[in-house]
Amino acid sequence: MNTILVTGATSCIAVSLIKRLLKDGYYVHAVVRPKSDHLMRLPQHENLRIYEFEMSEIYKLDGLGINTIDAVYHFAWEGVRGVKRDDQTLQEKNYHASIKCLKAAVESGIPYFIGIGSQAEYGITDELITEDTCLLPVTEYGKMKARTFYTGQKICDGTKTQFVWARIFSVYGREDDKSTLLMQCIEKMKKNEAIDLSPCEHMWDYTYIEDVSEALLLLLKKRVPAGAYNISYGEPHVLKEYVLRLKQMIGSDSQLNFGKIPYGNQGAIQMNPCIDKIRKAAGWEPKTDFESGIEKILEEE
């Protein structure tokens, strides 16, 4: 039985991955913050063991009493939404904790370290986004994610640890944060409330959470080469189209006030991802189209 360590284990994507790992027979060590508000998201399972550590202590693998770990999935990262994304002190703290965790994995000879990156590393671009696209992040969050990627490559070069970096684009699912555009729209559309929106004229690409966890698992199962991998659905549309499709599915009478909220000073973030690399290396294909994913969310509420 393979043993997997997952940090930041109560995040939505981490929980989805853990459930999939357990289903496939893996033994999972989950690291969470003490007294986490989301601890109940984790399933009860005989092959799941939970450890509570402050973020600054997650690199203390020896303290877990684990003799053999086959892979680390590193999700732990604070301040992923809202104004905290530009909190330089906080984001640098995330970087340093991540590097300590990686160094501990390398020193322990763990074969695979899969770090969770973000589309925010690419910044603002209208181009097709491949893994070779220049990283020009505009937020402190994106900058520190990119810095972790670059430093991680250097640390693992010439070691027994494969450094894989999963750049995840926009994910949605039932336990998604209530502040996201989709979750706010669903809540208001069900009540037929008016919704103030940005112009929503930029390209976006939504991926259902179970498809993302499948992609993350295949990165490990297929023993992909070290490097970065985009994870997204790969069929972007104008964001306004998603909102209109959602309204039609719910049968809502909500008034949609497009343009009521202006774009930020940095402009709109475009999502035009290419996922050919992970398709080729891991044999992954997203299976859940937008309507099917929304139906699952509505059914589970």
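## Cys200 and the basis of the model

Cys200 is buried, because its relative accessible area is 1% (buried means under 20% relative accessible area, exposed over 50%, partly exposed in between, with a 1.4 Å probe and protein chains only). This residue sits in the loop between strand 8 (195-196) and strand 9 (203-204). Helices (H or I, at least four residues) and strands (E, at least two) are DSSP runs numbered from the N terminus.

The model is predicted: local features need pLDDT of at least 70, side-chain atom pairs count only at pLDDT 80 or more, and totals for chains, interfaces and linings use all residues. Residues are numbered from 1 along each chain as its sequence is written, and side-chain values use heavy atoms, with hydrogens and water left out.

## Arg223

Another positive phi, near 50 degrees, belongs to Arg223, also a residue other than glycine. Arg223 lies in the loop between helix 5 and strand 11 (227-231).

## Helix 1 against helix 5

Helix 1 and helix 5 pack at an angle of about 60 degrees, and their axes are 9 Å apart. Axes are lines fitted to C-alpha atoms, for helices over the stretch in contact, and angles run from 0 to 180 degrees between N-to-C directions. The crossing of helix 1 past helix 5 is right-handed; a crossing is left-handed if the near helix is turned anticlockwise from the far one by less than a right angle, and right-handed if clockwise.

From helix 1, the contact takes in Cys12, Ile13, Ser16, Leu17, Arg20 and Leu21, and from helix 5, Ile209, Glu210, Val212, Ser213, Glu214, Leu216 and Leu217 (contact means heavy atoms within 4.5 Å). By class, the contact of helix 1 with helix 5 has eight nonpolar, two polar and three charged residues. Ala, Val, Leu, Ile, Met, Phe, Trp, Tyr, Cys and Pro count as nonpolar, Asp, Glu, Lys and Arg as charged, and the others, Gly among them, as polar.

## Ala215 in helix 5

Ala215 belongs to helix 5 (residues 209-221). Ala215 counts as buried because its relative accessible area is 0%. Not counting residues up to four places away in sequence, Ala215 touches Ile231, Ile278 and Trp284.

## The second largest pocket

The second largest pocket has a volume of about 480 Å³. On a 1 Å grid over the protein atoms alone, a pocket is an open set of points with protein on both sides within 12 Å along at least five of seven lines, and lining residues have an atom within 4 Å of a point. Of the 22 residues lining this pocket, Ser16, Lys19, Ile209, Glu210 and Ser213 are the closest to its centre.

Helix 1 (12-23), helix 5 and helix 8 (290-300) each give two or more residues to the lining. Helix 1 gives the most, with six residues. The lining residues comprise five nonpolar, four polar and 13 charged.

## Helix 4 against helix 6

Helix 4 (residues 181-190) packs with helix 6 (residues 239-250) at an angle of about 35 degrees, the axes being 10 Å apart. Helix 4 passes helix 6 in a right-handed crossing. Leu181, Leu182, Cys185, Ile186, Met189 and Lys190 of helix 4 meet Leu239, Val243, Leu246, Lys247 and Ile250 of helix 6. This contact has nine nonpolar, no polar and two charged residues.

Lys188 also lies in helix 4. Lys188 is partly exposed, because its relative accessible area is 29%. Leaving aside neighbours within four places in sequence, Lys188 is in contact with Glu193, Ala194, Ile195 and Ser254.

Key. On a 1 Å grid over the protein atoms alone, a cavity is a set of points where a 1.4 Å probe fits but cannot get out, and a pocket is an open set with protein on both sides within 12 Å along at least five of seven lines; lining residues have an atom within 4 Å of a point. Grid points are joined across faces, edges and corners, and a volume is the space filled by probe spheres set on the points.
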